[in-house]
Amino acid sequence: MTGIAQLSNNPVYLNNVAMSGLDIKFNKAYAVYLKGNQFISNDLKFFGRVGFANVAGSGTYQAVTEKFQESGISYGLGAGVNFKGDQYLNIDYLSIINKNEMHIKAVSISYGKYF
């Protein structure tokens, strides 16, 4: 995982209470996955991944800052299409951390080119 630096999501809910103005910063985030592909055709595939993720950072709410670190099983599903022979477009859902009080999920759309 690259590019994760800051998340500001208003409101964030803690124990079903809206916490508007919560600022979350990730200082470190990494994940390692095993990925399996199921090709439906030469140009269409579905894939799944399972692995391990670790995130660390801090949250600030009403001038009080708390640090956090959590690690655990991470998994996801996605689909991809190849086009023009050397390009692809993927859509991916990831449950990065789903442990204790921390739930981090993401959806991504990625474009790439084979070399």
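**The aromatic rings**

Modeller: Phe83 is partly exposed, with a relative accessible area of 29% (buried is under 20%, exposed over 50%, partly exposed in between, for a 1.4 Å probe and protein chains only). The model is predicted, so local features need pLDDT of at least 70 and side-chain atom pairs 80 or more, while totals for chains, interfaces and linings use all residues. Residues are numbered from 1 along each chain as its sequence is written, and side-chain values use heavy atoms, without hydrogens or water.

There are three aromatic pairs (Phe, Tyr or six-membered Trp rings with centres within 6.5 Å; planes under 30 degrees apart are stacked, over 60 edge-to-face, the rest tilted). In one of them, the centres of Phe26 and Phe68 are 5.9 Å apart and the planes stand at 85°, so this pair is edge-to-face. Because Phe26 belongs to strand 4 and Phe68 to strand 6 (residues 64-83), the contact ties together parts 42 residues apart in sequence (strands are DSSP E runs of at least two residues, numbered from the N terminus). Phe83 and Tyr111 form a tilted pair, since their planes lie at 35° with the centres 6.4 Å apart. This pair links strand 6, which holds Phe83, to strand 8, which holds Tyr111, 28 residues away.

Phe26, at 12% relative accessibility, counts as buried, and the largest nonpolar core, with 11 residues in all, includes Phe26 together with Leu22, Ile24 and Met102 (buried nonpolar residues joined through side-chain atoms within 4.5 Å). Strand 4 (23-39) and strand 8 (102-113) are among the strands that each supply at least two residues of this core.

Technical notes
Helix = DSSP H or I, 4+ residues; strand = E, 2+ residues; numbered from the N terminus.
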